[in-house]
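Let's walk through this structure together, one feature at a time. Have the viewer ready, and follow along as we go.

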Amino acid sequence: MASLKDLRMKIVSVKSTRKITSAMKMVAASKLRRAQTAAEAARPFAERMERMLGTLAASLAGQSGAPKMLTGTGADKVHLLVAVTADRGLCGGFNSSIVRATKAMAADLLKQGKIVKIMPVGRKAREQLRRDYGQYMIEGFENLGRKGVVFAEADQVAEKISTLFDAEDFDVCTVIYNRFKSAIAQEVTRQQVIPFPVPAQATKADAGAKAIYEFEPGEEEILADILPRNLATQVFRALLESQASEQGARMTAMDNATRNAGEMINALAIKYNRSRQAQITKELIEIISGAEAL
Amino acid sequence: MADKIQFELVSPAKLLVSSPVDMVVVPGTEGDFGALVRHAPMITTVRPGVIVVHDGGKVSSSIFVAGGFAEVNEERITVLAEEAIPVGDITAELAAARKKAAKDALDDAKTDREKAQAQRLILIAEALEAARH
């Protein structure tokens, strides 16, 4: 049985852990608010970009010579998986759920005889995927969004993806990230960005006689311009969502940790009091029985 | 003029402007164009330059954009801009700094892609400088 001193020390240590986790929880909560606002503010751009692209794609439908980024290379052989995680841990299942989804998808694709490449975005993705899928890994990104995600960072990632695509290094590109549902719930999302899936309802609505758009310069020039932009926008959105999810996940995880630490302290305190009482009783019995023996 | 056109200026980070105005003059790649209500639907690319918003018979605001896309239809004009700065906020230092950064990028550029990128930055910086006058 642990001595009283050991128990006391243990209580002190759990208390200081609780202080740290509760501070982390509060930091995450304030960061969450900021990240959430940023993610929401970015939605209009992505929505309008999508609408415009839908219109363009609809008017180009059936014509040849559409850019490859929209229609794909025609092949379905090499898949690029972009796994978006955080740089840090201590946020519950946030990172591992992305890693698990990536592994599952990679295994599935490999089984179908396809070639898989993995681009890790975030330190945790690289660390956790390195062991099993190290040979498929290509260079990725770290330290994104330290001070809030900015568009330039998303642009870098998109630039890299499109460079690879132009070099015909892959046919299909999917981004795997945590979509922010609420502060306590994230949803692992697989979004295909190349070839870009044209939203079905947009194609239908705009293909009608309702709006016949004029294009300046031509459809193809605009498309060639807009597609890389759209890629950057999609990546940007994924990064923002992931950032908000990370803070949400960390907040929940730290909240749980704080609560567990509290429970542990209570249990330890009871144990401490009982053993202290037991020791006192024992001493009393010793004194009394010593006196009686005389 | 009772009818107004809904003008929306959106950057990747947020919705910057969304208000009904009389007319918007946008620097399209193939020339500036003014969009009023009931404009024929069109989609165009936007070159770096200044968007001038006319409302109530005068220029209500002018905003510099570093390129992007514009979609016009009967009741709405949406401009997707990568970057937008109100013209009043542009300073000589800002323009000069941007230009220098762009030139440095061109000097450092190795691949064609990087060169094209730097070339584009220079165009933006020049447009920024011109917008000040």
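Start with H8(A), which bends by about 25° at Ile226(A). A proline comes soon after that point: Pro228(A) follows within four residues. Keep in mind as you look around that this is a predicted model.

How far apart are the end C-alpha atoms of helix H8 of chain A? The helix covers residues 219-293, which is 75 residues, and at 1.5 Å a residue it should span 111 Å. The end C-alpha atoms are 108 Å apart, so the model agrees with that expectation.

Next, turn to the sheet in chain A. Four strands make up an open sheet, in the order E2-E1-E3-E4, and their pairing is mixed. Strand E2 (115-121) and strand E4 (185-194) of chain A sit at the edges, each pairing on one side only. From one strand to the next, the twist averages 25°. As a reminder, strands of a sheet pair through backbone hydrogen bonds, either parallel or antiparallel.

For an antiparallel example, look at strand E3 (residues 172-182) of chain A, which pairs with E4(A) over nine bridges. Here Asn178(A) stands opposite Val188(A) in E4(A). A helix also packs on this sheet: H4 (residues 94-111) of chain A touches strand E1 (78-84), E2, E3 and E4 of chain A. The direction of H4(A) makes about 175° with that of E1(A).

Now for the place where the two chains meet. In chain A, 23 residues are in contact with 21 residues of chain B. Which elements give two or more residues to the chain A side? They are helix H2 (43-60), helix H6 (151-166), strand E5 (214-216) and H8 of chain A. H2(A) provides the largest share, seven residues. By type, the chain A side divides into 16 nonpolar, three polar and four charged residues.

Strand pairing crosses between the chains as well. E5(A) and strand E5 (residues 42-46) of chain B pair in the parallel sense over three bridges. Within this pairing, Glu214(A) has Met42(B) as its bridge partner in E5(B).

Finally, look at chain B by itself. Its domain assignment gives domain 1 (5-87) and domain 2 (91-132). The C-alpha centres of these two domains of chain B lie 23 Å apart. Where they meet, seven residues of domain 1 of chain B are in contact with five residues of domain 2 of chain B. The domain 1 side of that contact divides into five nonpolar, two polar and no charged residues.

Technical notes:
Residues numbered from 1 in each chain as written. Chains lettered and ligands numbered in written order. Predicted model: local features only at pLDDT ≥ 70, side-chain atom pairs only at ≥ 80, totals over all residues. Expected span 1.5 Å × (residues − 1). Bend = angle between axes of the 7 residues up to and from the residue. Contact = placed C-beta atoms within 7 Å. Nonpolar A, V, L, I, M, F, W, Y, C, P; charged D, E, K, R; others polar. Pairing = 2+ DSSP bridges. Axes fitted to C-alpha atoms, helices over the stretch in contact; angles between N-to-C directions. Domains from an automatic or database assignment.
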